[in-house]
Amino acid sequence: MLAFLGAVICIIASVPLAASPARALPGGADNASAASASAAAAAAAAAAASPGPQRGLSALHGAGGSAGPPALPGAPAASAHPLPPAPLFSRFLCTPLAAACPSGTEQGDAAAGEREELLLLQSTAEQLRQTALQQEARIRADQDTIRELTGKLGRCESGLPRGLQDAGPRRDAMADGPWDSPALILELEDAVRALRDRLDRIEQELPARVNFSAAPAPAPAVPTALHSKMDELEGQLLAKVLTLEKERMALSHSSHRQRQEVEKELDALQDRVAELEHGSSAYSPPDAFKINIPIRNNYMYARVRKALPELYAFTVCVWLRSRSGGNGQGTPFSYSVPGQANEIVLLEAGHEPMELLINDKVAQLPLSLKDNGWHHICISWTTRDGLWSAYQDGELQGSGENLAAWHPIKPHGILILGQEQDALGGRFDATQAFVGDIAQFNLWDHALTPAQVLGIANCTGPLLGNVLPWEDKLVEAFGGAKKATFDVCKGRAKA
């Protein structure tokens, strides 16, 4: 601006003096000053009109310039009318600045640059506005997703069993099921509560509104992290829902199985009540009963409901009355374990002698039950050297050794009365079935003395097995085999 004002002053100072004729001013020093001013103005005008560089410099710098001698009033000038001589004059310096007075081309370039800068600013502002709109839409979509997951969580909690919603553990009326574990219930409740808290925290971290005036941050950073969190939460929620469904199905199956067992127990109790109502009042002792198998088949039998421990010796005593008619006694009892169907078997097939099988090893016993009467049978065995002894009606009939020596009887098997097992608890063969009556089946974990065996057979020293006693609650009949009232000593006397 200052440069522009200086140029204007130069023009104003030079143009009027070049256009007006010279005048003689009276008065000593004033006239000299006026003449000097006129001469300087004329020199400036001549310098402005001169195209050459030498003349322009002379006019601007005056007589003291480096271009030559000072210009005198009498010297030739560019003006048509020469100026009158002046004895005294002052030097007037007017230095134009080239950068202060830009040309038209430079002004046009500046205007074009400003227009380009304005267009660039407008484009940047439009991009900022579009980015802000996209960020707002993405945040709204994230809020909708959070609300949808919150609704899913509420529906899952409303569909949980009551035991997961109440404070205390749920008790099943039948028996304890998988949901009755307090640790499992607390774990599931903590997991659901943790999911709800994480959803609340994520919803609170979202900005309430978008600041459109601020410069946008990198848009993909926050939504990408938020989407990953939402995917992780949704996966955890789906896994919990699947776990709850599996637990619910397992609970329903367990309840159905327990219901069947309870119904079976109720049926057994009803049968017992019916027998008590129509039977003899003497059916009070726990050992005063017998198992009756009337015909030979592969579906009538009795099962002992108590599991056996591992045995290194045993004695088995039982009262038997065979009704086979001379076709072999069949199988009074068989004990099977996983991987070995013939762990302990007492068997008489056809006209063969009675056999004792231990771990598939066989010993023939000198016993006979073909007279259709009651007989007391006792068999003892020990794993040391495989020693065995066989008693009938209290008398020792035979003994031997090397029968499955050093083999302990395996535990947790199934003991069946009246059938021979070809597989654990099943695959019965009708040709090997026992026909008749079985009573007083007792098992000890040691070998009885001959005196003890004789006392049991004579009904003078009755004993119950210390491993398996003959009790009504431990023996269950199947397939038509029946329990009947029976006192062994009285029954033998009558038989």
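Modeller: A residue is called buried when its relative accessible area is under 20%. The structure discussed here is a predicted model.

Biologist: Why is Phe441 called buried?

Modeller: Phe441 has a relative accessible area of 3%. The cut-off is under 20%, so Phe441 counts as buried.

Biologist: What surrounds Phe441, leaving aside its neighbours within four places in sequence?

Modeller: Phe441 is in contact with Val316, Cys317, Val318, Phe333, Leu415, Leu417, Leu468, Pro469 and Trp470. Phe441 is also, with Phe314, one of the residues with the most contacts inside the largest nonpolar core, which has 44 residues. Strand S3 gives the most to this core, with 4 residues. A second, separate core has 11 residues, including Leu149 and Ile202.

Biologist: What makes Phe333 and Phe441 an aromatic pair, and which kind is it?

Modeller: Their ring centres are 5.2 Å apart, and the limit for a pair is 6.5 Å. The angle between the planes is 65°; planes over 60 degrees apart count as edge-to-face, so this pair is edge-to-face. Phe333 is buried as well, because its relative accessible area of 4% falls under 20%.

Biologist: Which parts of the chain do Phe333 and Phe441 tie together?

Modeller: Phe333 lies in strand S4 (residues 330-337) and Phe441 in strand S14 (residues 436-444), so the pair ties together parts 108 residues apart in sequence.

Biologist: Why is the pair of Phe289 and Trp470 called stacked?

Modeller: The angle between their planes is 10°, and planes under 30 degrees apart count as stacked. The centre-to-centre distance of 4.5 Å is within the 6.5 Å limit, so the two rings do form a pair. Phe289 is in strand S1 (residues 289-293), and Trp470 is in the loop between helix H8 (450-457) and strand S15 (475-478), so parts 181 residues apart in sequence are tied together. Both Phe289 and Trp470 are buried. The structure holds 6 aromatic pairs, and Tyr301, Phe428 and Phe478 form one aromatic cluster.

Biologist: How do you know that a disulfide joins Cys317 to Cys378?

Modeller: The S to S distance is 1.9 Å. The criterion is two cysteine sulfur atoms within 2.5 Å, so the pair qualifies as a disulfide. A search of the whole structure finds 1 disulfide. Cys317 is in strand S3 (residues 313-322) and Cys378 in strand S8 (residues 374-382), which places them 61 residues apart, in distant parts of the chain.

Biologist: What is the handedness of this disulfide, and why?

Modeller: The torsion about the S-S bond is about 115°, so the disulfide is right-handed.

Biologist: Are Cys317 and Cys378 buried or exposed?

Modeller: Cys317 has a relative accessible area of 1% and Cys378 one of 0%. Both values fall under 20%, so both residues are buried.

Biologist: Where is Thr383, and why is it called buried?

Modeller: Thr383 is in the loop between S8 and strand S9 (387-392). Its relative accessible area is 10%, again under 20%, so the residue counts as buried.

Biologist: How close does a polar atom of the Thr383 side chain lie to the backbone nitrogen of His407?

Modeller: The distance is 2.9 Å. Beyond its neighbours within four places in sequence, the contacts of Thr383 include Tyr312, Trp406 and His407.

Biologist: How much of the chain as a whole counts as buried?

Modeller: Of its 495 residues, 34% count as buried. The secondary structure comes to 9 helices and 16 strands.

Technical notes
Residues numbered from 1 in each chain as written. Predicted model: local features only at pLDDT ≥ 70, side-chain atom pairs only at ≥ 80, totals over all residues. Heavy atoms only, no water. Helix = DSSP H or I, 4+ residues; strand = E, 2+ residues; numbered from the N terminus. Buried < 20%, exposed > 50% of the residue type's maximum accessible area, 1.4 Å probe, protein only. Polar contact = N/O pair within 3.5 Å; in protein donor to acceptor, adjacent residues only side chain to side chain. Contact = heavy atoms within 4.5 Å. Core = buried A, V, L, I, M, F, W, Y, C linked by side-chain atoms within 4.5 Å.
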